[in-house]
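Here is a short briefing to read alongside the model. Have the viewer open, and follow the groups of points below in any order you like.

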Amino acid sequence: MASFDEVMVQLVKRPAQHAKFLNTLSLLEYIGARKILKSQEASTITGEILGHAAEEIRHAQTFKKLALKMSEGLLETYQDEHLLAGVGARQYIQAIDQGVAAKLKVPHAALNYLLTTLLIEERANRIYPGYDLILTECGFPSALKAIVREENTHLHDVRAALQHMDNQLIQSLDELRVFEAGLFSRFMDQVLQAIH
Ligand SMILES: [Fe+2]
Ligand SMILES: [Fe+2]
């Protein structure tokens, strides 16, 4: 089971692959934004949800710009040849969403959104601050500074929103975290395989 740090050790030595990884994170941010919008009925979308979706789109754009800079403009699309373990990345985010839905048993769109977002935001808050330092060493100083700040706010917001929800799944968050950690490790394994 590979970790994000193991992946980084390999990527910093390989800019062409590293650029593809940045593009893959761009794709994940983009899918995240799309999921936020698709998970809500238009009638219940709040200013906060719109703000969150808009920020995720901006994160996708930030990673895309970095990918383009690091690849000298090559990685214009999200086609598989422009990604690193693109299939694994899509599986990772879809599996979280579907796994939360399965554990909810009874469909509950709002809670599904909040729990999926919680797991993804916790992951982002764990890896992005360190990644910002790595990118600084790669010649992109503080490239993720705004993203780190915004993901922290998202995590804070989603935790606050969950406090108003009443469901037994909220009592078993650690189980969900273990589930997400397994999926993330599998994604990192797939990235390592794609590098070698
Ligand atoms: Fe994001
Ligand atoms: Fe976020």
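Lys-105 sits in the loop between H4 and H5, and its phi is near 65 degrees, a positive value in a residue other than glycine. Keep in mind that this is a predicted model.

**The loop between H4 and H5**

- Lys-105 counts as exposed because it has 9 C-beta neighbours inside 10 Å, where the cut-off for exposed is 12 or fewer.
- Pro-107 is also found in the loop between H4 and H5.
- With 8 other C-beta atoms within 10 Å, Pro-107 is exposed.

**Another positive phi**

- As background, most residues other than glycine have a negative phi.
- Glu-72 is not a glycine, yet it has a positive phi of about 50 degrees.
- Where is Glu-72? Glu-72 lies in the loop between H3 and H4, just after H3.
- Glu-72 counts as exposed, since it has 10 C-beta neighbours inside 10 Å.

**Helix H3**

- H3 covers residues 47–70, 24 residues in all.
- From first C-alpha to last, H3 reaches 35 Å, close to the 34 Å expected at 1.5 Å a residue.
- Which residues of H3 are buried? They are His-52, Ala-53, Glu-55, Glu-56, His-59, Ala-60, Phe-63, Lys-64, Leu-66, Ala-67 and Met-70.
- An α-helix has 3.6 residues a turn, so residues three or four places apart point the same way. That is handy when you look at the buried residues of H3, including His-52, Glu-56, His-59 and Phe-63.
- The cover over these buried residues of H3 includes H2 and helix H6 (145–162).

**H2 against H4**

- Helix H2 (residues 15–38) and helix H4 (residues 86–104) have axes that come within 10 Å and cross at roughly 30 degrees.
- Because angles under 35 degrees count as roughly parallel, H2 is roughly parallel to H4.
- The crossing in which H2 passes H4 is right-handed.
- On the H2 side, the contact is made by Thr-24, Leu-27, Leu-28, Ile-31, Gly-32 and Lys-35; on the H4 side, by Gly-86, Ala-89, Ile-93 and Asp-97.
- Sorted by class, this contact of H2 with H4 has 5 nonpolar, 3 polar and 2 charged residues.

**H5 against H7**

- What angle do the axes of H5 and H7 make? Helix H5 (residues 109–137) and helix H7 (residues 173–195) cross at roughly 55 degrees, and their axes come within 10 Å.
- H5 and H7 are therefore oblique to each other.
- H5 and H7 make a right-handed crossing.
- Leu-115, Leu-119 and Arg-123 of H5 meet Leu-176, Arg-177, Glu-180 and Phe-184 of H7.
- By class, the contact of H5 with H7 has 4 nonpolar, no polar and 3 charged residues.

**Distances from His-156**

- His-156 is found in helix H6.
- Is His-156 buried or exposed? His-156 counts as exposed, because it has 12 C-beta neighbours inside 10 Å.
- Pro-107 and His-156 are 49 residues apart along the chain, and 24 Å separates their C-alpha atoms.
- His-156 and Met-188 are 32 residues apart along the chain, with 26 Å between their C-alpha atoms.

Technical notes:
Residues are numbered from 1 along each chain as its sequence is written. Chains are lettered from A and ligands numbered from 1 in the order in which they are written. This is a predicted model: local features need pLDDT of at least 70, side-chain atom pairs count only at pLDDT 80 or more; totals for chains, interfaces and linings use all residues. Axes are lines fitted to C-alpha atoms, for helices over the stretch in contact, and angles run from 0 to 180 degrees between N-to-C directions. Helices (H or I, at least four residues) and strands (E, at least two) are DSSP runs, numbered from the N terminus. Angles under 35 degrees count as roughly parallel, over 145 as roughly antiparallel, 65 to 115 as roughly perpendicular and the rest as oblique. A crossing is left-handed if the near helix is turned anticlockwise from the far one by less than a right angle, and right-handed if clockwise. Two residues are in contact if their C-beta atoms, placed from the backbone, lie within 7 Å. Ala, Val, Leu, Ile, Met, Phe, Trp, Tyr, Cys and Pro count as nonpolar, Asp, Glu, Lys and Arg as charged, and the others, Gly among them, as polar. The expected span of a helix is 1.5 Å times one less than its number of residues. A residue is buried if 20 or more other C-beta atoms lie within 10 Å of its own, exposed if 12 or fewer, and partly exposed in between; C-beta atoms are placed from the backbone.
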